[in-house]
Amino acid sequence: LSHLAPSKIKNQPPQTITMASRASKIAAVARDIFGILPNRGRVRTGMQFLKKPLTGAYEKRYYMEPIEPHARKAQRACTFMPIYTSELQERRAMKLRVLRQRGKGPPKKGSGKRSK
């Protein structure tokens, strides 16, 4: 500041910052840096859940993609391939076979309880 004249320095009013305004400025900067929403009324905003990293990609990797759509598409393209059935379909068909052998299967169409 040696190049400024002493008279120019003396004419400027001293900058006084109150503690409250300084704290509010620091809080505003902290909100910008850390991504915090201003919350004066102490209202729950759910930000703690929004800040957590998303887990969808990990869950998608954990559960394998089902093969059924691809197998059916390949079946339509190649007619000589055997009919594809998943383990779930086989299990249901086997259970239905066993129930029908015991006489506990579903009734034939049109011969339910309410038919006359």
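## Surface and burial

The accessible surface of this chain, taken from a predicted model, comes to about 12,300 Å², and 60% of that area belongs to carbon and sulfur atoms. Of the 116 residues in the chain, buried residues make up 2%.

Part of the surface is a nonpolar patch of about 420 Å², which is made by V29, I33, F34 and I36.

## Helices along the chain

Helix α2 covers residues 19-34, which is 16 residues, and it reaches 22 Å from its first C-alpha to its last, close to the 22 Å expected at 1.5 Å a residue. After α2 comes G35, a residue whose phi is positive, near 70°. I36, already met as a member of the nonpolar patch, lies in the loop between α2 and α3, the latter being residues 47-51.

## A pair of tyrosines

How many aromatic pairs does a search of the whole structure find? The search finds one, and it is formed by Y62 and Y63, whose ring centres are 4.9 Å apart and whose planes stand at 90° to each other. The pair is described as edge-to-face because the angle of 90° is over the cut-off of 60 degrees for that arrangement. Both Y62 and Y63 are exposed.

## The loop that holds P66

P66 lies in the loop between α4, residues 56-62, and α5, residues 68-77. Is P66 buried, partly exposed or exposed? With a relative accessibility of 47%, P66 counts as partly exposed, because this value is not over the 50% that an exposed residue needs, nor under the 20% of a buried one.

P66 can also be compared in position with S86, which is 20 residues away along the chain, while the C-alpha atoms of the two residues are separated by 9.9 Å.

## Confidence in the model

The mean pLDDT of the chain is 82, and 85% of its residues reach 70 or more. Which helices mark the two ends of the confidence range in the chain? Confidence is lowest in helix α1, residues 6-11, at a mean of 56, and highest in helix α6, residues 87-101, at 95. Where pLDDT is low, the predicted coordinates should not be read in detail.

Note on methods. Residues are numbered from 1 along each chain as its sequence is written. This is a predicted model: local features need pLDDT of at least 70, side-chain atom pairs count only at pLDDT 80 or more; totals for chains, interfaces and linings use all residues. Side-chain values use heavy atoms; hydrogens and water are left out. Helices (H or I, at least four residues) and strands (E, at least two) are DSSP runs, numbered from the N terminus. The expected span of a helix is 1.5 Å times one less than its number of residues. Patches are made of residues with over 30% relative accessible area and no salt bridge: like charges are joined within 9 Å, nonpolar side chains (Val, Leu, Ile, Met, Phe, Trp, Tyr) within 5 Å. Accessible areas come from the Shrake-Rupley method with a 1.4 Å probe; for residues, only the protein chains shown count as cover. A salt bridge is a side-chain nitrogen of Lys or Arg within 4 Å of a carboxyl oxygen of Asp or Glu. Rings of Phe, Tyr and Trp (its six-membered ring) pair if their centres lie within 6.5 Å; planes under 30 degrees apart count as stacked, over 60 as edge-to-face and the rest as tilted. Buried means under 20% relative accessible area, exposed over 50%, partly exposed in between (1.4 Å probe, protein chains only). pLDDT is the predictor's confidence in each residue, from 0 to 100.
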